[in-house]
2 protein chains.
Amino acid sequence: MIRDTNKWLIFQHRFQQIIQLSDDTIGQNRLVYSPNWVAAQTALIQFGQQIGLTAMVDNYGNVYLDLPGKDDRVIATGSHIDTVINGGKYDGLYGVLGGLQAVDELKERFGTPQHTLRLISFSEEEGSRFKATFSGSKYYALHQSVKDLTDSEGVSFEHARSTAVSHLQSLNDVIVKRPVIPDSFTELHIEQGPRLVTSHDQIGLVSGIVGQRRYTITVQGQSNHAGTTPMNNRHDALQTAVILIAALERRAHELSDSLTFTVGQLTVTPNVSNVIPGTVHFTVDIRHADDSVLNHFEQIINERLTQVADPLTKVTAKRYVKDLPATFDSTLLSQNQQLAEQLGLSARVMVSGAGHDSYVMSQVSPTTMIFVPSEGGISHAPNELTHPADLKAGINLLMASLHAQAY
Amino acid sequence: MIRDTNKWLIFQHRFQQIIQLSDDTIGQNRLVYSPNWVAAQTALIQFGQQIGLTAMVDNYGNVYLDLPGKDDRVIATGSHIDTVINGGKYDGLYGVLGGLQAVDELKERFGTPQHTLRLISFSEEEGSRFKATFSGSKYYALHQSVKDLTDSEGVSFEHARSTAVSHLQSLNDVIVKRPVIPDSFTELHIEQGPRLVTSHDQIGLVSGIVGQRRYTITVQGQSNHAGTTPMNNRHDALQTAVILIAALERRAHELSDSLTFTVGQLTVTPNVSNVIPGTVHFTVDIRHADDSVLNHFEQIINERLTQVADPLTKVTAKRYVKDLPATFDSTLLSQNQQLAEQLGLSARVMVSGAGHDSYVMSQVSPTTMIFVPSEGGISHAPNELTHPADLKAGINLLMASLHAQAY
């Protein structure tokens with residue numbers, strides 16, 4: 001437990017050192033393999049080496065800091081070091097430095113653990129530089145690589161990766177290695193939503209990650225003159241779209257309170273005030289912890305498209321994302337519930353609506369996540385904030401969990 | 001009446017000469033004061049001079065071709081020579097060359113009229129080069145000028161105008177003059193909508209032009225993460241917008257069958273599939289022949305904005321167009337009804353949903369309009385089409401009307 005002011009100051013000092021690397025930009029900008037990113041992973045390796053941890057770097061730039069145990073089992077924690085463009089201070093970095101803090105204190109208080117304790121700083125999760133997400137954890141856990149991508153300035157993933165990673169791998173006492181898969185993975189992360197703030201809980205115990213599907217829906221009507229075309233002679237793509245969107249939102253609400261339904265993108269053609277819209281494209285993003293609910297709603301979408309009143313307006317849907325829900329380890333979840341109660345922390349079990357490295361790790365290891373509250377539910381923005389008391393509470397619970405697992 | 005093949009060939013020949021000026025582009029492109037436009041007005045002046053009409057050009061490039069009568073009353077006809085970008089062959093040009101054809105034949109068959117017959121080719125009606133519409137008829141009838149406008153390439157209205165107009169005014173036997181306001185104005189035009197085709201009528205007798213109002217409506221909600229924000233915690237600007245648009249469309253339908261309601265433009269911010277929309281802007285275009293209906297609907301819009309369910313989503317409306325309806329001359333309308341009957345043409349009285357030079361002319365002279373059918377209701381596009389039989393029918397009725405008025 002972060003019991004004294006001194007320990008808290010060390011955490012704050014490390015945190016400040018990393019976030020100051022982005023000082024000349026709006027918010028945080030640690031895009032994978034950028035100079036800021038290299039500086040952050042370098043600083044982290046040094047933090048680990050200063051407290052006697054073994055540093056490893058694999059070929060994707062994932063950093064592993066091990067406190068070797070008495071046997072060959074491995075208990076891992078960690079999160080991602082990268083950020084979105086103009087991101088906040090806590091997304092990812094909190095789990096990396098919070099994990100380091102926990103390992104640091106456990107080592108000081110309890111010495112060598114039974115099982116190896118490993119802090120992982122994943123290279124990339126956000127997909128904000130290249131159109132690939134979770135490339136760090138996918139490389140580690142699933143041995144998946146990124147193919148033929150370039151960033152917005154035309155730099156290839158391969159070129160960016162090899163330059164940045166070779167810098168990290170050439171640091172003093174760094175072992176070039178992709179270590180074995182751990183026996184468990186615990187990720188500490190900010191919630192990025194408003195549920196903990198709303199329910200006045202300090203801790204979210206994450207039971208899984210929602211499944212997600214995305215669709216592009218195209219409404220093809222007929223563009224025409226807004227003055228000379230009588231109302232009963234129109235094939236207005238936008239009128240069909242608004243009725244469809246309102247109906248689907250209603251159906252989503254009826255189906256399940258926890259089904260999220262978002263039309264985030266909508267474009268009108270030709271998009272001129274005195275011309276009846278000929279074509280509308282819009283996206284539908286649906287998420288739920290139970291894949292059968294998503295199946296059911298997909299059926300509702302397909303049925304609804306055939307019910308458009310105007311026979312001359314064609315509506316088609318194309319699914320372009322289908323991610324299955326992830327269910328995390330129930331034993332680790334129960335253990336965390338008990339530990340939170342012992343620590344006097346008010347905790348609720350919840351499903352994450354966003355993807356995380358834990359989504360990937362749960363495919364190879366028993367996995368659990370700990371959430372702390374995000375003020376106003378704001379994330380991916382410079383004003384992302386978690387209060388110090390909540391930051392401490394999350395680290396304390398992680399420390400208790402790692403202690404229970406590794407000692 | 002276009003009785004013989006020879007007369008019809010002359011009309012077709014003149015028509016081909018003008019539309020061939022745009023041969024290297026998609027559709028017709030006679031933007032005001034462009035080289036194509038100068039060539040078209042020049043050709044028209046020559047057509048008029050060849051059949052003995054007096055040519056005048058004013059300082060905005062409106063062309064007037066007079067067949068002088070025995071007294072100083074003036075019976076005018078005409079339309080505009082300019083087009084939209086990638087426009088059709090008939091919008092505007094049909095009324096100019098149809099009017100010339102009518103004056104030509106009346107002169108040949110009946111000689112000098114009692115009152116002067118005037119064909120007007122207005123310089124500009126479409127607003128497709130500069131953000132000003134009806135600048136030709138407004139200069140002639142209302143003495144209004146265009147202030148400080150430039151086209152998309154930075155050329156000023158003044159520079160374009162003076163260069164093009166001085167060319168026309170320096171042609172042989174052209175009188176530089178803005179002549180007196182006529183004692184009546186009759187405009188021949190394509191319908192640009194589907195009503196005549198739908199009702200199988202050859203002629204539309206236009207009783208007036210709808211009033212028109214346009215609004216920008218802004219919905220200000222809160223942008224947020226599509227996965228982590230529960231449905232009951234959202235301030236989704238697009239969901240508010242679609243419910244509002246659907247409700248307003250329903251109310252418009254209830255209020256009057258002849259009220260047109262169009263949301264032609266809609267933009268979403270940030271417009272990303274996994275982000276809840278924070279802001280939506282959309283336009284509303286409403287038109288009706290009775291201004292009190294527009295007043296009533298404006299009240300409905302304002303009331304509806306206050307009924308948005310989410311108190312944290314703000315909706316505001318700003319009116320940026322308010323054009324009063326125009327009522328055309330009832331005597332000329334009755335006369336045209338009788339003449340159409342005598343000619344065996346099926347005609348219906350209708351209100352125009354689009355603006356025309358007649359809208360401006362009706363403010364200073366008794367005005368009437370004759371519509372002919374537009375195939376498929378298509379206009380402002382290269383595939384704009386009116387069949388030859390309908391083109392002839394319109395010219396014949398115009399000729400009968402001018403004969404009745406001027407001889």
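Chain B has 46 residues in contact with 48 residues of chain A, where contact means that the C-beta atoms of two residues, placed from the backbone, lie within 7 Å. On the side of chain B that touches chain A, the elements giving two or more residues are those in the table. Helices (H or I, at least four residues) and strands (E, at least two) are DSSP runs, numbered from the N terminus.

| Element of chain B | Residues |
|---|---|
| β9 | 224-225 |
| α7 | 237-255 |
| β10 | 260-262 |
| β11 | 266-269 |
| β12 | 275-276 |
| β13 | 279-288 |

α7(B) supplies the largest share of this side, eight residues. By class, the side of chain B that touches chain A divides into 18 nonpolar, 22 polar and six charged residues. Here Ala, Val, Leu, Ile, Met, Phe, Trp, Tyr, Cys and Pro count as nonpolar, Asp, Glu, Lys and Arg as charged, and the others, Gly among them, as polar.

The model is predicted: local features need pLDDT of at least 70 and side-chain atom pairs count only at pLDDT 80 or more, while totals for chains, interfaces and linings use all residues. Residues are numbered from 1 along each chain as its sequence is written, and chains are lettered from A and ligands numbered from 1 in the order in which they are written.
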